[in-house]
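Here is a walk through a protein model for someone seeing it for the first time. Keep the picture open as you read, and we'll take it piece by piece.

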Amino acid sequence: MGYIFETALILSIIACEAVHITDLVGPTVIESGEELMIDCDFDYLKEEESQLDIKWYFNGSPIPVYQWVPSMNKGPQVIGDLFKNNLDLKYEAHNDTFKKHRALRIVNPDHRFSGTYQCKVSSFV
């Protein structure tokens with residue numbers, strides 16, 4: 001039993017030093033048609049740059065609606081039909097090459113976009 005506790009503690013320490021979300025900013029309420037901006041700021045280690053993976057999820061779905069892998073140099077991707085015409089994939093939230101597409105900018109949202117958004121930032125390192 002003690003071994004499991006020690007392993008969990010070590011994994012927690014490693015996770016604290018690796019990529020992690022520092023701030024999640026977005027409105028609680030907007031009017032239909034207003035731009036919806038949700039930003040997911042994070043810190044990462046230099047050795048993680050080539051392995052970063054940013055995903056956004058909507059309403060608890062296990063399938064992301066948005067994914068960006070900075071090292072692929074392809075830009076972000078929309079996954080699924082609901083968001084394909086409303087996400088601004090050219091929007092840049094930051095001047096850091098590995099953070100620039102971290103945010104969701106949803107243009108002309110309506111009631112279908114009301115819900116819970118979750119950001120997940122990970123590294124394959």
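Let's begin with rings: those of Phe, Tyr and Trp (its six-membered ring) count as a pair if their centres lie within 6.5 Å, with planes under 30 degrees apart called stacked, over 60 edge-to-face and the rest tilted. Searching the whole structure this way turns up six aromatic pairs. In one of them, the ring centres of phenylalanine 42 and tyrosine 44 are 6.0 Å apart and the planes are at 45°, so this pair is tilted.

Before going on, a word on what you're looking at. This is a predicted model, where local features need pLDDT of at least 70 and side-chain atom pairs count only at pLDDT 80 or more, while totals for chains, interfaces and linings use all residues. Residues are numbered from 1 along each chain as its sequence is written, and side-chain values use heavy atoms, leaving out hydrogens and water. The pLDDT is the predictor's confidence in each residue, from 0 to 100; its mean over the chain is 86, and 86% of the residues reach 70 or more. Over residues 1–16, though, pLDDT stays under 50, and the model has zero contacts there beyond four places in sequence (a contact is heavy atoms within 4.5 Å).

Back to the rings. Phenylalanine 58 and phenylalanine 83 have ring centres 5.3 Å apart and planes at 80°, so they form an edge-to-face pair. Phenylalanine 58 lies in strand 3 and phenylalanine 83 in the loop between strand 5 (77–78) and strand 6 (104–106), so the pair ties together parts that are 25 residues apart in sequence. Strands here are DSSP runs (E, at least two residues), numbered from the N terminus. Phenylalanine 58 counts as buried at 9% relative accessibility, and phenylalanine 83 is buried too, at 1%. Ring pairs link Phe58, Phe83, Phe113 and Tyr117 into a cluster.

Now follow strand 3 across to its partner. Strands pair if DSSP finds at least two bridges between them; seven bridges join strand 3 to strand 7, and the two run antiparallel. Isoleucine 54 stands opposite valine 121 in strand 7. Five of the seven residues of strand 7 (residues 117–123) are buried, so this strand is largely enclosed by the rest of the structure.

Methods. Buried < 20%, exposed > 50% of the residue type's maximum accessible area, 1.4 Å probe, protein only. Helix = DSSP H or I, 4+ residues; strand = E, 2+ residues; numbered from the N terminus.
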